[in-house]
Structures are given as C-alpha cells and as structure tokens.
Amino acid sequence: MKMKPQAYQAHRVHPFAPVAPRTCTLPQRIVVAKARQLPDALLFDCDGVLVDTERDGHRISFNEAFKQKGLDHEWDVDLYGELLEIGGGKERMTKYFNDHPDREPFRSTQDPAARKALVAELHALKTALFTQLVESGAMPLRPGVARLVGEAISAGVPVAVCSTSNEKAVSSIVRVMLGPQVAEVMRVFAGDIVPKKKPDPAIYLLAARELGVDPARCVVVEDSGIGLKAAKAAGMTCIVTKSSYTAGEDFSAADAVFPSLGEDSDPDRVTLDRLCQLLEQAQANALA
Ligand SMILES: [Mg+2]
C-alpha cells in the first residue's frame, strides 16, 4: 500500500502503540473509528466476485453433464465466453446443438418436442451437478476474498452478500467456501427477495435497510457492469474486481477497478484501509 508514513499513522493505531493515558476523554475505539472512517457495511456480489461462477462452476457442470450423457462436447473457457451471449442454460445448449446438427444429441433426434425434452433433461442434470460442485467446495474462491472478509469482520464492519442469483447456491458458497463462522455473521440477500434484478438497486437498498445502515456509507464489490449500475443507483461506493467474462465491460462509473482483490502477498491487494480511503474520497466528491 503506497501511503505516506504520516497518513498511515492517521489511519490506524500501531499494534504496539502505548496504551492511551487515563486522562484521554474519548475511548480509543471511537478515535480509531473516526480516523479510519470505516464503511457502515461491506457488500459483496456473489457470482464473479466471491467465485468465478460461470468459468469454474456452470461451465464445468455443463461439461460434466455432457460427459455423463456420453456426449462428445467440451466447452472451453473461450467458447463458453461466446456462448454466454445467450442467456439461460437451456437456450445456450439449444443454440449450440443447433449449430452442430451433424453431431449428437441432435443428429439422431429431429423432432422439436423430443429435442426440447432432451435439453430439459440435460439441464436438470447440469443443475444437480452444479449444486454438487458447490457443496463439494471444489469451486475456488477468488483471490483475496477470504482475507478481505476476515479484515472487515475483525474491524467490526458488517459484511453481506447481495445477489439476485439462486439463494440456496449463494448461501452454500458462503457456508462451504468461507466457513461456518463467517456464514454465521455474513448475511445473504439473494434470489427473489426483491422484485427487480440488478441493474435495479433494489437488492442493495434492501440490504442497507435490513442492516440499518446508510447506503452512502456502504462499499460494494462487484464484477459486472450490471452490478456496478445497481450499486451506484443505490448511492453506494463501488469497486470492481474484473472476472473472466466481464473484463471488457464498461466500468467508468466505478470508484476503482482491480483485476482481483489480490492475494495476501500482493502489494497492490485491496485492503480495508484502501476501501476506507475510497469511501472518504467518494464522500468528499459528493460534497464538492
Ligand atoms: Mg457478478
């Protein structure tokens, strides 16, 4: 972290600093909170932020479903990126099989209703495999997620996940990948809990309301243009960690953009201190 020594001192109390004299009128805890301007809450998107869900989860599950059904198809990272242009798993498979009529399963299945049933069956298998994959813990967390979540919890900053994906999957990812202790304190706002999906700000505004915090003092971590729009429409500070299939999107409205949150050894890793600075900057800009 590139900070001037003086500024650094202003932002945190050195762990070996002498104990404050008894004459100190303010409890040290309050002085620290004021100096660091901690966010009221740190809110994470799930897919693409906690885990690279499309690349490491859905893609893998589609491939496993093909394999189990004896189909000779494997969607690599680049091909899957192209297929993501088609929304919906069933629609994605249908388009791909239509593009390969000389190969199974569509080669020997011509009837439209039979093709539809076949795709539905494959999709049900893929969904079950995805659930298994999540529960197994084999889908890796993105770099720095566990570290930053831990930093926030240690500092007393409420953490939550805000996603309009399936609630069960999101809760499983938090429980399996971040562990039961984190899952106990990390609220999950997901699924059909709000009437409108991102880019509508509903999910973020709901989280702020439920946590009893000011949206303007929340920091969001997103990976997509749609998620960024939702966070910004909620009046929140938002950083972007680019994920495999969102890297080319427009993030000009973000308060900062990073390739990832960064491993522990990365000197450019995103720390809670860095988020504090970004929040302060965003608030100063709002007042200017
Ligand atoms: Mg996302």
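Predicted model: local features only at pLDDT ≥ 70, side-chain atom pairs only at ≥ 80, totals over all residues.
1. Which exposed residues does the face of H12 turned away from its buried side carry? They are Ala-284 and Asn-285.

2. Helix H12 covers residues 272-287. Its buried residues include Leu-272, Leu-275, Cys-276 and Leu-279. Because these four cover an arc of only 105 degrees around the axis, they sit on the same side of H12. The general rule is that an α-helix has 3.6 residues a turn, so residues three or four places apart point the same way. The length of H12 also agrees with expectation: 16 residues at 1.5 Å a residue should span 22 Å, and the end C-alpha atoms are 23 Å apart.

3. The sheet is open and has 6 strands, in the order E3-E2-E1-E4-E5-E6, with parallel pairing. E3 and strand E6 (256-258) stand at the edges; each has a single partner strand, so one side of each is left without a neighbour in the sheet. From one strand to the next the twist averages 20 degrees.

4. On one side of E1, the pairing with E2 is parallel and runs over 3 bridges. Within this pair, Leu-42 stands opposite Val-159 in E2. Helix H8 (residues 167-178) packs on the sheet and touches E2 and E3. The direction of H8 makes about 155 degrees with that of E3.

5. E1 also pairs with E4, again in the parallel sense, over 4 bridges. Here Ala-41 stands opposite Cys-218 in E4.

6. Is E4 enclosed or open to the outside? Strand E4 is largely enclosed by the rest of the structure, because 5 of its 5 residues are buried. Cys-218, Val-220 and Glu-222 point one way from the strand, while Val-219 and Val-221 point the other way.

7. E4 is joined to strand E5 (residues 237-241) by 4 bridges, and the two run parallel. Val-221 stands opposite Ile-239 in E5. Between these strands the chain passes from E4 through H11 to E5, and this β-α-β crossover is right-handed.

8. Helix H10 (residues 202-211) begins with Ala-202. Buried residues in H10 include Ile-203, Tyr-204, Ala-207 and Ala-208. They lie on the same side of H10, because their arc around the axis is only 135 degrees. The cover over the buried residues of H10 includes strands E1 (41-44), E2 (159-163), E3 (187-190) and E4 (218-222), as well as helix H11 (225-233). Just after H10, Gly-212 takes a positive phi of about 70 degrees.

9. Why does Ala-202 count as partly exposed? Ala-202 has 19 C-beta neighbours inside 10 Å, and a residue is called buried because 20 or more lie within that distance. Leaving aside neighbours within four places in sequence, Ala-202 is in contact with Val-194, Pro-195 and Lys-196. Ala-202 and Ala-234 are 32 residues apart in sequence, and their C-alpha atoms are 7.6 Å apart in space.

Notes
Residues numbered from 1 in each chain as written. Buried ≥ 20, exposed ≤ 12 C-beta atoms within 10 Å, placed from the backbone. Contact = placed C-beta atoms within 7 Å. Arc of directions from axis to C-beta. Expected span 1.5 Å × (residues − 1). Pairing = 2+ DSSP bridges. Axes fitted to C-alpha atoms, helices over the stretch in contact; angles between N-to-C directions. Right-handed = clockwise from strand over helix to strand, strands pointing away.
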